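Subject: Structure handover

Hello,

Here is the structure I promised you. Please open it first, then read my notes below.

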Amino acid sequence: IPLTINTQKWDMNEFITTILKKELGFERPTILIDGDIIYEEGEGADEETYRQNLVKKLDKLPCGGIKHGTVVQIEDFSQDLEVDVCVTHQETFEVEEGDDETKKYVIGGEKPVAKKEEEKTDAKPAAKENGASAEDDDDDVCIVTDTDKEDKKPAAKRKAENDGNGEGSA
């Protein structure tokens with residue numbers, strides 16, 4: 001998802017509250033830059049460790065920060081939702097009188113949609129019906145049989161030759 005924002009004016013808390021939760025619908029986001037977690041919420045999350053990042057400006061975050069060209073991975077395991085946000089830094093935006101230019105942003109593309117509970121549960125019974133689970137998808141067995149008549153003739157001919165010589169019989 002493309003996001004245009006002033007990365008020098010927004011702090012992490014504003015980014016999470018306004019963009020991720022309000023606009024994109026995340027409930028318990030985990031935020032990663034280059035595979036490293038810079039913030040996480042939710043069950044089993046070590047929120048204390050990442051709380052210090054909430055007050056930092058986006059461009060001052062760990063792992064190089066969120067700057068022009070940064071791809072931020074957002075995951076929400078409570079909703080089975082995962083999105084890559086491609087950030088473009090922009091310092092000035094067109095604003096109407098009274099609006100705060102530093103808090104403007106533009107989100108492009110389609111907003112992510114969490115999988116519905118029905119979709120999550122429907123997939124499991126379908127996998128059980130055919131005797132495989134979703135985790136077992138890479139171990140299919142393929143049996144190849146040769147039904148070409150020409151290939152059978154030489155084998156039959158050899159057997160007849162062996163029988164005629166007395167070598168093939170017991």
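First, a definition: two strands pair if DSSP finds at least two bridges between them. Helices (H or I, at least four residues) and strands (E, at least two) are DSSP runs, numbered from the N terminus.

Before the findings, some ground rules. This is a predicted model, in which local features need pLDDT of at least 70, side-chain atom pairs count only at pLDDT 80 or more, and totals for chains, interfaces and linings use all residues. Residues are numbered from 1 along each chain as its sequence is written, and side-chain values use heavy atoms, with hydrogens and water left out.

The sheet

Six strands make an open sheet with mixed pairing. Their order is S3-S2-S4-S5-S1-S6. Strands S3 (36-40) and S6 (105-107) stand at the edges. Each has a single partner strand, so one side of each is left without a neighbour in the sheet. On average, neighbouring strands are turned by 25° against each other, direction ignored. Axes here are lines fitted to C-alpha atoms, for helices over the stretch in contact, and angles run from 0 to 180 degrees between N-to-C directions.

Now the pairs. S1 (residues 2-5) and S5 (residues 81-89) run parallel, joined by four bridges. Pro2 stands opposite Cys86 in S5. S2 and S3 run antiparallel, also with four bridges. There, Thr30 faces Glu40 in S3. These two strands form a hairpin with two residues between them. Asp34 sits in that turn and has a positive phi of about 50°. S2 also pairs with S4, antiparallel over four bridges, and Leu32 stands opposite Gln73 in S4.

Look at the side chains of S2. In a regular strand the side chains alternate between the two faces of the sheet. Thr30 and Leu32 point one way from S2, and Ile31 and Ile33 the other way. All four are buried (under 20% relative accessible area; exposed is over 50%, partly exposed in between, with a 1.4 Å probe and protein chains only).

The helix and the core

Helix H1 (residues 12-23) lies across S1, S2 (30-33), S3, S4 (71-76) and S6. H1 runs at about 35° to S6. Contact means heavy atoms within 4.5 Å.

A nonpolar core is a set of buried Ala, Val, Leu, Ile, Met, Phe, Trp, Tyr and Cys residues joined through side-chain atoms within 4.5 Å. Which residues touch the most other members of the largest one? They are Met12, Phe15, Leu20, Ile31, Leu58 and Ile66, out of 26 residues. S1, H1, S2, S3, S4 and S5 each give two or more residues to this core. H1 gives the largest share, five residues. Leaving out residues up to four places away in sequence, Met12 touches several others, including Ile31, Ile38, Leu54 and Leu58.

The aromatic pair

There is one aromatic pair. Rings of Phe, Tyr and Trp (its six-membered ring) pair if their centres lie within 6.5 Å; planes under 30 degrees apart count as stacked, over 60 as edge-to-face and the rest as tilted. Trp10 is in the loop between S1 and H1, and Tyr105 is in S6, 95 residues apart. Trp10 is buried, because its relative accessible area is 2%. Tyr105 counts as partly exposed at 23%.

Best wishes
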